[in-house]
Amino acid sequence: MDAAIESAPPGVRKHAPGLPRAQSLARAAALVRAVGTPAGPGDAGDASTAGLARRCRLPVATAARLLATLSDEGFVERTADGAGWTLGLPLVRLARAADPDRALLAAAPALLEELAAKAGESAALAVARPGPAMEVIAQADAPGLLGVSRWVGRAFPLHASAPGKLVLAAVDARELRDWVQRTRPERFTARTITSVRGLRAELDRVRAQGYAELEDELEPALSSLAVPVPGADGAPRAFVGVSGPGGRLDARRRRALVAPARAIAERLGQAVAGDRRRP
């Protein structure tokens, strides 16, 4: 089987599996993925034509011809020093236009910075993903030296994160039971809630108060608060929260930050709605 096709993402042949594929297109797609993905340890960041050919298991001449064609179409372009390749701006623009989170990412930075300054803690924006799952897509660092690490792009357990609890609060009892049976929630600390009964009680509390909290459940001395970003249909569009050391972000401080966090979430929801109305 062609090496470039073997390197395609899982599930790429779900559509019409018996239909013959265009080998040159599969090879070109493999090169685009390689250009946009950091090289492995053995390649030490080699984005040269030879390095990309090696990573895609293609002859150098074939890779050079395909990269030249991709460059003509704007999908890749030479690096400033001419030694390697990077993704082309037209391709990046296409990806951004298709990104469902683009409006959130455009509006969030200034608002997260404002919330971080108000709270004195790191502020983050998370979105729900199918699964159910949750992903942090933007963050503003705390003004102090002591704070949380970089969370953008990292996977977080729904049962042991404040925005994750808001995601779980949207599922019904049957879906929650199935999720617990399927994922076997990990116990990170003595306070981590892992049982169906415990999660039901916690999620009932989250629904009643309209926000979620975390205290020593993911790791000791880590606290957080998250509120939903309202969507046009009333369902949460995303989740805004603050996280920090439990000694600073105790229960009293979290309660005091609910109103400021909700105000930021409302403004973010309005900004996204305004962006969608623009022609």
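I began at the hairpin that E3 and E4 form with three residues between them, where Gly131 in the turn has a positive phi of about 150°. Here I take strands (E, at least two residues) and helices (H or I, at least four) as DSSP runs numbered from the N terminus. The model is a predicted one, in which local features need pLDDT of at least 70 and side-chain atom pairs count only at pLDDT 80 or more, while totals for chains, interfaces and linings use all residues. Residues are numbered from 1 along each chain as its sequence is written, and side-chain values use heavy atoms, with hydrogens and water left out.

I looked next at the peptide bond between Gly131 and Pro132, which is cis with omega about 0°, and I placed Pro132 in the loop between E3 and E4. E3 and E4 run antiparallel and are joined by seven bridges; two strands are taken to pair if DSSP finds at least two bridges between them. Within this pairing I noted that Ala126 has Val136 in E4 as its bridge partner. I also checked how covered E3 is, and six of its eight residues are buried, where buried means under 20% relative accessible area, exposed means over 50%, and partly exposed lies in between (1.4 Å probe, protein chains only).

**The sheet**

Which order do the strands of the open sheet follow? I read the order of the five strands as E4-E3-E7-E6-E5, with antiparallel pairing. E4 and strand E5 (212-215) are the edge strands, each pairing on one side only. On average, neighbouring strands of this sheet are turned by 25° against each other, direction ignored; the axes behind such angles are lines fitted to C-alpha atoms, for helices over the stretch in contact, and angles run from 0 to 180 degrees between N-to-C directions.

**Strand E7**

I then turned to E7 (residues 236-245), where eight of the ten residues are buried, so the strand is largely enclosed by the rest of the structure. Strand E3 (residues 122-129) pairs with E7 in the antiparallel sense over five bridges; I found Leu125 bridged to Val240 of E7 and Ala123 standing opposite Val242 of E7. Strand E6 (residues 222-230) also runs antiparallel to E7, joined to it by nine bridges, and among the partners I noted Leu225 with Val242 and Val229 with Ala238. E6 and E7 form a hairpin with five residues between them, and Gly234 in that turn has a positive phi of about 95°.

**Nonpolar cores**

I listed the largest nonpolar core at 30 residues, and those with the most contacts inside it are Leu104, Leu112, Leu125, Val240, Val242 and Leu268; such a core is a set of buried Ala, Val, Leu, Ile, Met, Phe, Trp, Tyr and Cys residues joined through side-chain atoms within 4.5 Å. Helix H6 (102-119), E3, strand E4 (133-140), E6, E7 and helix H10 (251-277) each supply at least two residues of this core, and the largest share, nine residues, comes from H6. I also noted a second, separate core of 28 residues, which includes Met134, Ala160, Val167 and Leu214. For Val240 I looked up the contacts (heavy atoms within 4.5 Å), leaving out residues up to four places away in sequence, and the list includes Leu112, Leu115, Leu125, Leu225, Ile264 and Leu268.

Which residues here have a positive phi without being glycine? I found Asp216 at about 60° and Ala221 at about 70°. Asp216 counts as partly exposed at 23% relative accessibility, and Ala221 is partly exposed with a relative accessible area of 49%.

Helix H3 (residues 49-56) and helix H4 (residues 60-72) pack at an angle of about 110°, with their axes 9 Å apart. That makes H3 roughly perpendicular to H4, given that 65 to 115 degrees counts as roughly perpendicular, under 35 as roughly parallel, over 145 as roughly antiparallel and the rest as oblique. At their meeting I noted Thr49, Ala50, Leu52 and Ala53 in H3 against Val60, Ala63, Ala64 and Leu67 in H4.

Last, I looked up Leu89, which is found in helix H5 (residues 89-98) and is partly exposed, with a relative accessible area of 39%. Leaving aside neighbours within four places in sequence, Leu89 is in contact with Gly74 and Glu77.
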